Amino acid sequence: MPALKLALGAWLLPLPVGLILICLGLLLRVSARRRLGHALLAAGVTLAVAATLGPIADTLLQPLEARYPAVLDASVLRPAPQYVAVLGSGYRPRAGLPVTAALDAVGVVRLTEGVRLLRQLPGARLIVSGGPMHNEPPIARGYALAAVALGVPAAAVIFSDTPLSTGEEIRALRAQVGDAAVLLVTSAAHMPRAMTLSRREGLHAIAAPTGNLTRAGGPGDSWLVLPSGTSLRKSETALHEYEGLLALELGID
């Protein structure tokens, strides 16, 4: 199931869907259904180009990222959380590279935020989450190695190295911490889905979003009306999360 969800998630994005529509349109243009072919061709091109435009990308992504505020000072939280949990992203260790290079960019940002918050909470422990993906070692292992390299005592790190999805991560956290409060660190766009799952599973999670790609109250990249890879990344991130939230409404996590 996790592999199927990853495959579907990779295809249900603007460029793949746009390319499929374009290919279908081209095929229908040489058949008797030329009008439908033209319509599909136009729809495919429009979808692919629209996803690369700053105003559209920011409009899609900002509502997700703005839903939960960042935790600037964890020391003022009452009761003080006993745990800081960092949800998994990506880890591909390679010989001759430091562990920070083995983590993907999203994972580095999440872990850095987790370590920052942990240092504001004396006595708290760091839970690193994520199972093995694509025949690589568990993501939690990479997080743990990086956390220790950044100065976190090994005794303060707890592994959760089997979950392969956000739903599995949240259920594992609930089993590990029980009713204790936990600062939940993940990307700002991903936080609405993570918090929805936390409420569903009875996890006392405090949202600690990071890795924001848009700027609340500012123009961000909305001025960039020319197509760009940055805007495409934002559109893909937003649509992936909206698909995930829809799946939750349908009872799929």
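**Note on loops, helices and salt bridges**

1. His134 is placed in the loop between β2 and α7. The numbering of helices (H or I, at least four residues) and strands (E, at least two) follows DSSP runs, counted from the N terminus. The model is a predicted one, in which local features need pLDDT of at least 70 and side-chain atom pairs count only at pLDDT 80 or more, while totals for chains, interfaces and linings use all residues. Residues are numbered from 1 along each chain as its sequence is written, and side-chain values use heavy atoms, with hydrogens and water left out.

2. The backbone at His134 deserves a look. His134 is not a glycine, yet its phi is positive, at about 55 degrees. Asn135 is found in the loop between β2 and α7 as well, and its phi is also positive, near 60 degrees. Most residues other than glycine have a negative phi. His134 counts as exposed because its relative accessibility is 66%. Asn135 is exposed too, with a relative accessible area of 85%. Here buried means under 20% relative accessible area, exposed means over 50%, and partly exposed lies in between (1.4 Å probe, protein chains only).

3. Which side chain does Glu136 meet in a salt bridge? The partner of Glu136 is Arg92, at 3.5 Å from N to O. (A salt bridge is a side-chain nitrogen of Lys or Arg within 4 Å of a carboxyl oxygen of Asp or Glu.) This pair links distant parts of the chain, 44 residues apart: Glu136 is in the loop between β2 (125-129) and α7 (139-149), and Arg92 is in the loop between β1 (83-86) and α5 (99-102). Glu136 counts as buried because its relative accessibility is 17%, whereas Arg92, at 52%, counts as exposed. Arg92, Arg94 and Glu136 are linked in a network of salt bridges.

4. By the rule above, the model has seven salt bridges. One of them joins the side chains of Glu113 and Arg116 at 2.7 Å, N to O. Both residues lie in helix α6 (residues 105-118), three residues apart, which is about one turn of the helix. An α-helix has 3.6 residues a turn, so residues three or four places apart point the same way. Glu113 is buried, with a relative accessible area of 10%, and Arg116 is partly exposed at 30%. Another salt bridge joins Arg174 and Asp179 at 3.2 Å, N to O. In that pair, Arg174 is partly exposed at 27% relative accessibility, and Asp179 is exposed at 65%.

5. Helix α7 has a list of buried residues that includes Ile139, Tyr143 and Ala147. The buried residues of α7 pack against β1, α5, α6, β2 and β3 (157-160), where contact means heavy atoms within 4.5 Å. Just after α7, Gly151 takes a positive phi of about 105 degrees.

6. Buried in α4 are Gly54, Ala57, Asp58, Leu61, Leu64 and Glu65. These residues lie on the same side of α4 because they cover an arc of only 130 degrees around the axis; the arc is that of the directions from the helix axis to the C-beta atoms. The buried residues of α4 pack against α9 (191-201) and α10 (229-249).

7. Helix α2 (residues 14-29) passes the length check too: its 16 residues should span 22 Å, and the end C-alpha atoms are 22 Å apart. Among the buried residues of α2 are Pro14, Ile22 and Leu28. Ile20 also lies in α2, but Ile20 counts as partly exposed because its relative accessibility is 40%.

8. Ile20, Leu24 and Leu27 form a nonpolar patch on the surface, with about 270 Å² of accessible area together. Patches are made of residues with over 30% relative accessible area and no salt bridge; like charges are joined within 9 Å, and nonpolar side chains (Val, Leu, Ile, Met, Phe, Trp, Tyr) within 5 Å. Accessible areas come from the Shrake-Rupley method with a 1.4 Å probe; for residues, only the protein chains shown count as cover.

9. Arg78 and Pro79 are joined by a cis peptide bond, with omega at about -5 degrees. Most peptide bonds are trans. Pro79 lies in the loop between α4 and β1.

Conventions: Expected span 1.5 Å × (residues − 1).
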